[in-house]
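Subject: Two-chain model, handover and findings

Hello,

Here is the structure you are taking over. Please load it first, then read the notes below.

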Amino acid sequence: MVEHGDIRVVHRGGSKINSREPVVTNDSRFLLCASGERVKVFSTSTEECVHDLRGHTDLVTGVLLRPTNHLQVYSCSVDGTVRLWDFTDGILIKVQTCSWLMFDIVCMCVCAELFQLVAVHLPQSGDQLVEAQELSAVLSNVSSNPAATGFGRGVRAPPLRSPNAPPGAITYPKTDKDNKKGGKNTLMCIACHPKDDCIATGHEDGKIRLWRNFNHKKEYTYTTLHWHHNAVSSLRFTPEGTNLLSGGLESVLVQWRYNQESERDFLPRLGSAITHIAVSPDGTLFCTSHSDNKITIIQSCVKVSAVIQGLVNGESVRTDLMVDPRSKSLVLNGKPGHLQFYSLQRDKLLYNLDIVQQEYIHELGLQQFEVVKVAFDAPGNWMATVEERKPKAAEPEINLKLWAFDEQTQSFVLNTTVSAPHEAQITSMCFSQAADGQTSMLVSASEDGHFKAWQLPRSAYEGPSWSCDFVGDYRGLAPQCCCFSADGSLLAVSFQEVVTVWSPASWELLTTLSQPPKAIRDLCFGRLGCSKYLMGTTASNLLCCWNLLTCSLEWSTSMDVSLLLSDPLTENMAAFCCQAESTDLFVFKPSEPRPVASLKAVCSGKVTRAVFAPREEMLESCEESSQWLNRSQLYFLTQHMLLQSPAHVLPSTSVLCSMFVESLLVSVADGRSVVHEHLVHVFLNNSHSDHLCLTLNVSQQNTHRL
Amino acid sequence: MASFKPTKIQVYPKLGEKVTQDTLYWKNYKAPVQIKEFGAITSIDFSPVAPHNFAVTAFTRIHIYGPFSQEPVKTLTRFKDTAYCGRFRSDGQLLVAGCEDSVVRLFDVSGKAALRMFRGHTKAVHVTDFTSDRYQILTGSDDYTCRLWDIPNATELNSYREHTDYVRCGVTSKLNRDLFITGSYDHTLKLFDARADKSVMTMDHGQPVESLLLYPSEGLLVSAGGRHVKVWDLLKGGQPLVSMKNHHKTVTCLCLSSNGQRLLSASLDRHVKVYNTTNYKVVHNFDYAASILSLALAPNDESIVAGMTNSILSIKHRKSPEESAEVSGQQRRTPSYRVFVKGKNYAPKQDDYLVSKPVKQHLAKYDKQLRTFNVSNSLDTALATWTRLRKPEITVAVIKELDRRGTLKNALAGRDEQWLARLLNFLIGNLVDPRFAAVLAPAAEMILDVYRRVVGQSPLVDRQLLRLQELLEREIDYQQDLLEVLGMLDTLFASSLPRLEVDLS
């Protein structure tokens with residue numbers, strides 16, 4: 001049992017809501033979507049999360065309304081259970097365990113990655129925990145992509161069982177061989193017309209093919225619709241069958257008239273690539289989920305009425321994790337060219353700030369501007385951003401932008417744009433923490449061998465824009481990190497293995513410190529009582545502490561620190577050490593090498609980004625091991641893109657246990673590259689019997705899990 | 001959803017366009033009054049006495065204008081040929097003028113017929129002036145001589161034959177009745193003393209001298225000839241003080257502002273430059289429509305009068321204090337009630353239903369075309385003549401945007417000879433501009449890639465490609481020179497830095 005006050009790592013949010021197609025309820029009031037190991041119920045009008053259906057212990061892979069009772073919903077998960085929920089009240093009604101199924105199929109199939117479509121009979125019984133016994137394989141060797149499986153009209157349980165004539169389901173290898181056109185016509189998605197004998201398939205070359213008379217062998221005909229220039233990722237017929245909706249990378253929702261395919265309607269600029277399309281049963285609402293972890297609710301292809309936005313986990317977090325001093329929100333790069341301000345308390349995106357301010361072109365292989373650095377000054381009046389674009393075989397384009405906080409609009413307003421502030425990539429950027437609060441200074445270090453100081457001119461005559469104040473270099477070496485001391489009187493810049501200490505008042509090189517043989521990786525000044533210390537980590541696995549009064553090494557220890565950061569409110573520093581697949585966390589004060597707290601194996605994999613976020617109200621904990629969390633919380637991001645934070649005061653032990661399990665979760669990355677994604681997908685056919693159709697993956701990892 | 005984000009046009013700082021006291025002072029003139037004369041205006045002279053009429057010598061006439069009239073108050077027409085150099089006497093009563101027919105005429109300002117005719121020169125007389133005692137006249141002529149005449153009995157007092165070319169300018173001293181200076185096309189300035197028979201000082205200007213100016217203190221002399229304006233110190237025996245070369249054509253006229261702090265020079269290159277007389281830096285610049293032959297400033301700089309080769313006389317009057325205040329008042333004109341103010345302060349009542357009116361986004365034509373992915377058309381729009389010549393930053397921004405979208409090659413390909421020539425012309429004009437080079441250099445490479453196969457088919461394009469190549473080679477040379485200079489400077493700076501003592505222990 002977990003004792004009260006013990007420090008645990010808790011998963012704090014940022015789950016994907018776009019991994020599976022969202023479901024709109026019959027009355028169009030709610031939207032259900034799988035989010036990590038939960039099912040979230042959103043209101044379609046207010047965008048608020050109404051309920052959080054918790055209970056699954058692993059990734060939720062499918063959500064479906066119960067056909068016989070439209071106030072209930074099925075969800076299935078990698079943990080091998082199918083759960084039935086009442087989403088209006090947020091109550092779990094029934095659990096059906098199917099875990100034996102997996103075991104069965106593992107025995108039958110030897111192949112590592114194989115998906116099967118199976119039908120499950122859900123027994124009617126009053127118990128809350130039921131084991132589903134009846135299972136029948138429908139198809140083997142289906143695509144792992146759930147969009148590539150669809151169900152047509154009049155599909156009943158008996159024909160679904162017959163292995164020779166799968167009426168509504170197409171597996172993509174077959175179709176690929178059917179039309180021997182060659183080229184990139186790999187099937188991406190499929191949709192069945194609700195009334196006619198017609199199937200629409202979307203292909204990688206951007207074409208949509210409408211197949212008719214598919215049930216009669218060898219008599220089918222097909223027509224081709226072509227508008228998309230990249231792969232069609234989602235297709236959907238409206239419930240009446242009058243329109244066909246398609247979406248893809250272009251982020252344009254295209255509405256084709258059924259039987260009048262030359263007439264199309266477009267809804268352009270939806271923000272980012274469309275991954276799924278869902279239509280409400282009455283046909284009034286369309287929902288599109290997007291690759292930037294967003295669900296857009298559209299009123300009958302005319303107007304965007306609501307946007308539900310989760311934490312955007314792009315390809316990588318290029319900016320460090322930052323905390324906006326004013327809103328206390330987490331700031332990192334989100335959708336292309338934007339910064340996202342994410343509330344840690346509410347697990348909700350506050351707003352996106354457009355940094356690049358350019359039209360985003362949705363095309364594969366195009367080099368786009370990306371926000372790579374962001375910095376805030378201590379009171380939160382100024383924000384500096386660096387955006388970068390690397391065209392092929394040309395000089396990189398770099399822009400430095402400075403944003404002033406506008407009290408009236410409560411957001412940042414662009415003040416200065418410096419194009420090409422440096423000739424090469426900017427490696428580090430920081431604001432001076434000047435105590436007077438009047439004059440701010442920004443220092444940017446770049447691979448071109450210079451670091452530059454930017455300052456707001458003191459006289460108002462020159463205009464309120466920033467300009468370069470000083471350009472410094474040291475023996476032609478490339479600066480790596482820069483850091484201001486707590487009072488802003490010293491600037492430390494590391495040039496490979498040498499740390500140079502400058503006085504920003506006179507731009508005089510005060511001293512140099514070095515700890516050969518390897519380059520400095522991280523630099524950090526101590527705060528408050530420890531402000532005379534300068535901490536640094538080197539690539540040769542050394543953690544060094546220099547005393548700036550004596551200009552000598554105070555202590556050093558050998559550890560592979562992947563990340564070093566200091567708490568702005570206390571003297572504490574946190575060091576993440578990567579050792580053998582897992583990461584340890586050490587919290588210490590620079591004045592003494594003995595750690596204040598140490599946590600072994602906080603997570604698997606390497607911690608790439610972390611941040612101390614100040615608490616809204618200080619905690620009164622007296623235990624020595626957890627005192628360092630009294631004033632601020634530590635959040636970190638692992639390679640699997642989950643936001644986690646060590647916490648020590650939690651409501652109850654049971655919740656804590658489940659949360660701890662949650663933190664072991666792996667995320668669903670998009671694409672087909674990651675092995676352990678799309679483990680189970682569940683469909684329910686639209687007949688009125690309680691049969692489930694499951695796509696099962698049989699992989700090595702699954703056996704490990706079991 | 002989100003609206004189209006227009007192409008960002010980079011704003012470049014305007015260098016050297018700072019607002020100074022001088023710009024404010026010299027811009028504070030009204031729009032010019034333009035009067036058509038009968039021929040090129042060779043001389044303008046302000047009367048020294050109020051109301052400060054001015055005499056304009058053009059073709060065979062001298063017109064005398066009042067300070068605010070647009071019609072001549074007086075016309076002197078008794079010339080057989082082109083008149084030159086109408087000058088007022090210091091009391092404003094008499095006016096003297098030379099003529100192409102070598103006769104110098106003296107007029108009473110109130111009369112019409114000439115009071116005196118001075119005959120003796122053998123060629124056209126371009127220079128006339130009164131001496132400071134008001135009884136003598138100095139003339140200079142194309143027969144290489146300059147002469148002094150006595151007004152009362154119309155006789156020649158003395159003749160100086162020292163110049164070896166036309167005498168085209170001359171001034172008399174306002175302090176000493178015996179001193180005068182002449183400038184000639186033989187490149188020399190000569191200071192004469194009427195008490196001696198020959199010149200007492202000779203200065204070599206280096207070019208044919210077109211205009212002379214004496215400072216009110218008469219210690220400094222300014223001469224203009226060729227593209228140079230030179231200042232000489234007379235008290236140091238004619239030592240050259242400054243030489244200025246700010247015009248790119250011959251400087252024709254010089255004058256001094258009323259307080260003596262600013263020197264103005266007018267030139268055939270259609271510019272008037274204003275110099276500060278303490279450091280001789282250009283502080284302001286006026287543009288005119290044609291080459292300027294003569295320029296004069298009214299006392300207290302009340303008006304600037306310029307005469308041009310196209311026989312237009314341009315008069316700019318200084319704005320009165322009320323007028324200059326009025327202009328700033330006009331800029332702060334309040335918006336019209338109907339459009340902007342109406343309903344602005346209306347607070348909605350509780351049950352009112354607010355109908356939000358979408359703000360229409362105004363897009364430039366190239367942006368509209370970019371929005372619909374018409375890349376070639378947007379490049380055409382950006383290369384339209386006005387944009388290309390007046391706002392090259394727009395053209396460059398569109399090219400950059402196309403490059404960012406990866407469609408620049410498509411937009412450049414498949415063009416005809418005329419279009420390509422226009423684009424190459426634009427590149428030749430802007431490629432080496434440091435503001436645009438980063439964008440245009442890859443674009444130029446792309447053009448060469450696209451049209452490599454058709455090189456040699458069009459003489460027009462080939463010529464421009466050769467020009468482009470020359471331009472680039474020259475630019476590379478410049479850059480190399482600059483790097484060399486930078487290296488030299490680095491060495492100098494490094495040696496001038498104090499050497500830090502290295503503590504070896």
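A contact here means heavy atoms within 4.5 Å. With that in hand, take chain B: of its contacts with a separation of 6 or more, 45% are between residues 24 or more positions apart. Keep in mind throughout that this is a predicted model.

**The two chains**

Chain A has 706 residues, and 56% of them are buried. Its secondary structure comes to five helices and 53 strands. For contacts between residues at least 6 apart in sequence, 46% in chain A join residues at least 24 apart.

Chain B has 505 residues, with 46% buried. Its secondary structure comes to eleven helices and 28 strands.

**Sheets in chain A**

One has four strands in the order β21-β22-β23-β24, with antiparallel pairing. Its edge strands are β21 (274–279) and β24 (303–309), each pairing on one side only. From one strand to the next, the twist averages 20°. Strand β23 (residues 294–299) of chain A pairs with β24(A) in the antiparallel sense, over six bridges. Within β24(A), A:Q309 is the residue opposite A:K294.

The other sheet also has four strands, in the order β37-β38-β39-β40 of chain A. Its pairing is antiparallel. Here β37 (479–484) and β40 (508–514) of chain A stand at the edges. Each has a single partner strand, so one side of each is left without a neighbour in the sheet. The average twist is 20° from one strand to the next. In chain A, β38 (residues 491–495) and β39 (residues 498–503) pair in the antiparallel sense over five bridges. A:V493 has A:T500 of β39(A) opposite.

**A hairpin in chain B**

Strand β18 (residues 209–214) of chain B is mostly covered, with five of its six residues buried. Five bridges join β18(B) to β19 (residues 220–225) of chain B, and the two run antiparallel. B:L213 faces B:V222 across the pairing, as its opposite residue in β19(B). The hairpin has five residues between the strands. There, B:E218 takes a positive phi near 65°.

**A helix pair in chain B**

Helices α9 (residues 417–430) and α10 (residues 437–450) of chain B pack at an angle of about 145°. Their axes are 11 Å apart. The crossing of α9(B) past α10(B) is left-handed.

Which residues meet in this pair? From α9(B) come B:L420, B:L423, B:F426, B:L427 and B:N430. From α10(B) come B:L440, B:A444 and B:I447. The contact divides into seven nonpolar residues, one polar and no charged.

**Salt bridges**

- In chain A, the side chains of A:E397 and A:R389 meet in a salt bridge at 2.5 Å, N to O. A:R389 is buried, with a relative accessible area of 4%.
- In chain B, B:R147 and B:D143 meet through their side chains in a salt bridge at 3.5 Å, N to O. Buried or exposed? B:R147 counts as buried at 5% relative accessibility. B:D143 counts as buried too, at 14% relative accessibility.
- Also in chain B, the side chains of B:R195 and B:D178 form a salt bridge at 3.3 Å, N to O. B:R195 lies in the loop between β16 (188–193) and β17 (199–204) of chain B. B:D178 lies in the loop between β14 (167–172) and β15 (179–184) of chain B. The pair therefore ties together parts that are 17 residues apart in sequence. B:R195 is exposed, with a relative accessible area of 58%. B:D178, by contrast, counts as buried at 11% relative accessibility.

Salt bridges that share partners join A:R38, A:D52 and A:R54 into one network.

Over to you.

Best wishes

Technical notes
Residues are numbered from 1 along each chain as its sequence is written. Chains are lettered from A and ligands numbered from 1 in the order in which they are written. This is a predicted model: local features need pLDDT of at least 70, side-chain atom pairs count only at pLDDT 80 or more; totals for chains, interfaces and linings use all residues. Side-chain values use heavy atoms; hydrogens and water are left out. A salt bridge is a side-chain nitrogen of Lys or Arg within 4 Å of a carboxyl oxygen of Asp or Glu. Buried means under 20% relative accessible area, exposed over 50%, partly exposed in between (1.4 Å probe, protein chains only). Two strands pair if DSSP finds at least two bridges between them. Axes are lines fitted to C-alpha atoms, for helices over the stretch in contact, and angles run from 0 to 180 degrees between N-to-C directions. A crossing is left-handed if the near helix is turned anticlockwise from the far one by less than a right angle, and right-handed if clockwise. Ala, Val, Leu, Ile, Met, Phe, Trp, Tyr, Cys and Pro count as nonpolar, Asp, Glu, Lys and Arg as charged, and the others, Gly among them, as polar.
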